[in-house]
Structure formats: C-alpha cells, structure tokens
Amino acid sequence: MNKQAQLLRPEIEAKIDALLSQMTLLEKAGQLTQLGPTMLEGVGVDSFLDDPEAMQKVKLDYHEDWIREGVVGSYLGVQGAEKINRLQKIAVEETRLGIPLIFGLDVIHGYRTMFPIPLAEACSWEPDLARRTAEVAAREASAAGLHWTFAPMVDIARDARWGRIAEGAGEDTFLGSAFAAARVQGFQGDDLADPQHVAACAKHYIAYGAAVAGRDYNTVEMAVQTLHDVYLPPFASAADAGAATFMSAFNDLNGVPTSANRYTLTDILRGKLGFNGFVVSDWNSIGELVPHGHAADRKDAGKKALLAGVDMDMVTESYRHDIPELVEAGVIPMSVVDEAVRRVLRVKFLLGLFDRPFRSDAETESAALLRPAHLDLAREAARRSIVLLKNVGGLLPLKQAARKIAVIGPLADSPFDMLGSWSFTGSRRDVVSILGGIQSATEAEVLYARGCDIDDKLPADFAQAIEAASQAEVVIVVVGESAKMSGEAASRMNLGLPGHQEDLLKALKAMGKPLVVVLSNGRPLSIPWIAENADAILETWQLGVQAGPAVADVLFGAYNPGGKLVTSFPYAVGQCPIYYNRTSTGRPATEFWFTSKYIDGPVAPLYPFGFGLSYTTFEYADLEVRKAAGRVTVSATVKNTGAVAGEEVAQLYVGDVVGSRVRPIKELKGFQKLLLAPGESRKLTFELKVADLGFHNVDMQYVVEPGLFKVWVGTNSAEGLAGEFWLDEADVQ
Ligand code: GLC
C-alpha cells in the first residue's frame, strides 16, 4: 500500500496556499535552502572520522543573520535541543512570516545509542528489528531537537570495494526493499507530528552503489531495465512506506548527474512512484554539476537541478542566490519554485513544526539518551547481526572450563572502531569493547595483547601476543578494519586485512592452539587464508555500543548465532563486483577451458549471499511446488537436527529459465526466520504472486513471461532443495 497519498491533506494544502500567497521570491528561495554551520576554528573535517566528540570541540558560526533575513529554510549538522531551539526561536519569532526551520542530521544507525552498522543489522534478516532500532534512533534524535534524519540509505551495493556498502542492506533487491520499508516505518512511525519520530530520507537516489570500480562518487552506467529491476525497488519500497523525503546522489547515471536528472527525479519518482515529499540534494551535489561537466557555473547548476526536481539545495547556496534572478529573468517559472516550496512546507506542516516548533529541551534530551531499554535493544540487535562463518569441531561456543583465554588483536580493545561509520553523534565512552565483553562473561583468566595496529606500515613486534597465546588454551584474535576504512570516500582497492594483521594470525596459528578469528569490518573482506586456517570465524561487523557483550554472548553460547550474509564475500578483489543473482552467460564456468572463469582463481565467492552457520544444524525436506489460480505455493519442511535450539533463515529463490532479456539464474523471492528446538520440524509455506516474477523487457514494459521457472528453498543462495513450475499464457495475462 502506497502511503504517499497520506502526505496530502486538504487542510495542510490550504495553509500552504495561504502562506505561499504572502511569501516574497527571496523567502521562497530561502525555504529551498539548507545550510550547515561554518567551522570557525577547531578541528579538520577528517577528525570527525577519528573522534566522535569532535563536534563538541569546534567553534561554529550558525549565520543567525541569514535566518533573520528569511533566506534559510533548513539546517543540517546542528546537534542538541538547546542549540536547535535557539536557532528555531530566531526563525519563528524574528522573521516576517515565522516559518520554522527543519533540522536534519545523519542518524544512520542510532543517535547516542549506536546500533550495529546497517549492513550488519541486515544480516539478522529481521526487518522488524531494523524498524525497532530506527524507532529508538528517532526517539533519541527527536529528543535532541531534530526533525529529520538522512536515512535510510537504500542503495543496492554489489562491490565490496565501495566503502558505503556499510550503510545499506547489501546486494539483494528483495531483502533491501524489506529493510527500506522497515527503517522508514521505524523513523517516521504512523504520524510525522508525533514528537517521538522524525522524517526519513531515502538515499542516495539513485544507483550510487554501482560506481565503476567501486570508487566512491564515480560514474555509473547501466541498462535502464537494470535500474528499474535492481536499483529502484528499495526506493519504491521506501516511498510506499511513506518516506517524506528523498536525497539525490553524487553520481552521474548514463551521463546525466542524478542531482539534475529529470528522468529519475520527476518522471520516475513523481510519475511512477507517486512521491509527494521533497527531494534534498546531497552535500553540494548541485554545485558539483560544474566539475561533473554538466553545468557551466553555479547558476546553471541551480537551474538544472531545480527544473529536474531537486527541491532543496544542501549547502551549495545556489537556490538562495541564483533562483530569484532566474525567475525574474523568466528562465524558471514561478510555478516551479512554488511547487518546490509547497513540498518543503508540506513536510514541515506534517511534522507539526508550525504548531510545535520547539520539539524538545535539554532535560528531555538527557533523559532520553542511552536508556537501559535502548542498550538492551542494542545488545539484541548486535547479537542478531553476527554471522558464524566457520566452526570446526564445535570449538564454539567456548567451554567455560577454559582456565586461560588469550584475546589478541588491534580491534579487541578499540571502542571507537566498534561504532563504525556515521557515528559522530555517539561516543567511544559508551562502548563496551570486545575485550571488555569477554572479560565480563568468563571466569577464565583473560590474557590480552594488541599484537599490532590495524594498518601498520612497519612490521610489528608480536612478542607480547605470542607470550599471551603461549599461556592460553584458546586464542581469540580480533582483526579487521577501522571505522574510518568504510563509509563515505573510503573505497579500497584491496580487500584483505590491512597492515600486518594476517601476519599476526599466521604467527599465532603456528602455535597450534585453537584459533578463533573475530572479524570487525565495514565491508565484505577477501580472507581465504583465514577461511582455510582458522578453527572458528565470527563476522561481527561494527556492532555499536554493545559490541562486547554481544560477541561474548555468542562466543560463550548465551546466544546461538543465526545471522546470514547479505553480501557475497569475494575470494579476491578481482572478482568484484560479485553477487549471487548474476546471469548465466553462454558459457557458464566448467572445467572446459573456454568457459566464463578465471585462470587464477574460482568464480564462486568465498562465502555466498545468505550464508551463515549455527551451533546446531538444519535439514530441509519435502519440497512441494503447487500452482493454482495465478498463485504459486512453495512449501518445505525444516528440521533442527542438532542438540541446541537455533534460528534458521529459510530462503526461497526463483529462476526464470528463458526470458526475452536474459534473467538472473536465481533471485530471492522470500525468506522466513524461525526458531526451532532440537529435533523440532516446521513446515514452511511461501506464497508467490505471479506478478512478482516479472522484469522490464527491451521495450521497458514490465512483463511476466510464460515458461519454466526453477525454485530453491534452502539455507543460502548456493544450496537448497530444487523444484520447478511452469507458467502458461493464461497465468501471465
Ligand atoms: C554526505 C553523504 C550523505 C549525507 C550528507 C549530509 O556527503 O553523502 O549520505 O547524508 O552528506 O551529511
């Protein structure tokens, strides 16, 4: 059900009409202008990447005079109810029309209670968990005075070199669409005027994750059918869920920058998706139309962006300075400006800002942050984000009989790096490190050594690590990436462990002790040596403030991991982009020389999409496929064949064998997560709508074509019970 219609309320539209009729052209341009505070002194912008407290250390100019002139409609980058209220007071009491400002900020995976990075949380395959964490994030952000978050990021990402893969829900359209809707619902709730919620912002519209070579901000080329079938659906899902705003992206798409692309911003977003909120540009992405080579100067850029469908200008200040001249020169019709202003005012009215411009205060704010219930949810979300990649001989969960445990590695006691990217509203002081979590969870003596840094340039001295390991019965090594190595502008051309971390692992492996590798990273890594040589591997991503307790819960068996990968792990960076829902080619890889393969490595990923182990085992049986009255029903039985209770994500994949455009070998079309007691069986049923089996043909028509379809039900994208069904002409009418 498309909730966009709910954004249109006659009584609000009437108020907007009345306001518009009073506004000057400059005031209208002001409503389309978003500013950030100017840093007067203090720290360099990249220090925000190293120090989440940096925001408190800088001196900022908030341009109060511009607010008084009515030439600002929105702010980003302002934190705290007191600061926000001070600026809002100027807007409401000292401007001619008293139109309130809308304050936005990147609240991507928590405000002060930092949750797992979105890529980690998606490995839970629990959209409702994401809704719940988004709801808490909204509650804290709103208590801090904010009205709007620049989230969820819903970009499909198939290339692990791209650092922003950390911010989304991975490589799959079906799963990404489910998380997009859940996160919008969590942020917005059912009523934007509810002060416990904030407006969401689906970003980065569109296809930003398909940057050539995984290099951030790079160009994007793709078939328009791929745009509609793979990259658009999560945005459509966000719009259907009622997202009040969208953010245009940095990248160009087939030659036209997405912040000046009328086809995507108006024809698709307004025409096809029926979006009734407003579009904000990404940070100076309007100004960047000039270096893109799409605009001659700032004024030309502003004209192209507004006419394409970008309603609010984030920090370029073109709309504020150039739009009035362009309207007075007859280049831009006033009606275009009025429609953009209407959309912005619509969201402000829906948020209730005219009735309640001051959403919170310092006392409310401090009472709302880091509440015990929020920390409990953070631990729950973190546990459910962990993926067990290997567990030889049932090494995990660790037996409590161990007397000495060595905990080694540069990420074992690194609180800031547990926060991941986009965590500047959090604080390293709120984090329980993985070392801290282990120490609190066991009676054993814990011997700690850092071993090396994350990204040593010079060889490290492993002596202390070796010494600690020599005394222990089991060695836990926490390795991976720093928080700064993923997120924006953090593309990598190598996907192995940075620095000398792998050397540290090899030195420890040589000691012959049971080796548990705990990964903390913001993207899939190519780790074939670890896959081969570790006895157990936990993918823990960057889990937020409760990283330590969550990892300890899994290591010692308080929680049986049930996470599944939402991105393929490459065997080597040369495989990127790598994703499961690929097409077959005319020469699928075989032993025969002349087939689609590499001569120096496998075609298959190191770990496939949907992969994840458990402390128990599951078996699938009794696959049935039935077609009746235009619906296809697929059922199977899942049994817990192990000795402990566990959660399994049963996945349904469908492949359209023959298409007028070649179709992916398989695509995720359903998943169910279930908790089974030892020995328990459960029959699962998936209802497939024929309409969900279509694609855009060469004429850009959405079609479902008759023919043979294959189905798989199983534990990941590489294995499962196989079946098939036919659709005939009558089924697809
Ligand atoms: C950044 C990011 C975007 C973010 C915006 C505001 O450059 O691309 O995701 O929301 O600027 O911080």
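Which residue stands opposite I476 in β16? The legends below begin with that pair.

**View 1. V407 stands opposite I476 in β16.** The model is predicted: local features need pLDDT of at least 70, side-chain atom pairs count only at pLDDT 80 or more, and totals for chains, interfaces and linings use all residues. Residues are numbered from 1 along each chain as its sequence is written, and side-chain values use heavy atoms, with hydrogens and water left out. Strand β14 (residues 404-408) pairs with β16 in the parallel sense over four bridges; two strands pair if DSSP finds at least two bridges between them. Helices (H or I, at least four residues) and strands (E, at least two) are DSSP runs, numbered from the N terminus.

**View 2. Strand β16 (residues 474-480) has seven of its seven residues buried.** Buried means under 20% relative accessible area, exposed over 50%, partly exposed in between (1.4 Å probe, protein chains only). V474, I476, V478 and G480 lie on one side, and V475, V477 and V479 on the other.

**View 3. β16 and strand β17 (residues 515-520) pair in the parallel sense over six bridges.** G480 has S520 in β17 as its bridge partner. Between β16 and β17 the chain passes through helix α22 (residues 501-509), a right-handed β-α-β crossover. Right-handed means that, with the strands pointing away from the viewer, the path from the first strand over the helix to the second runs clockwise.

**View 4. An open sheet of six strands has the order β13-β18-β17-β16-β14-β15, with mixed pairing.** β13 (387-391) and β15 (445-449) are at the edges with a single partner strand each, so one side of each has no neighbour in the sheet.
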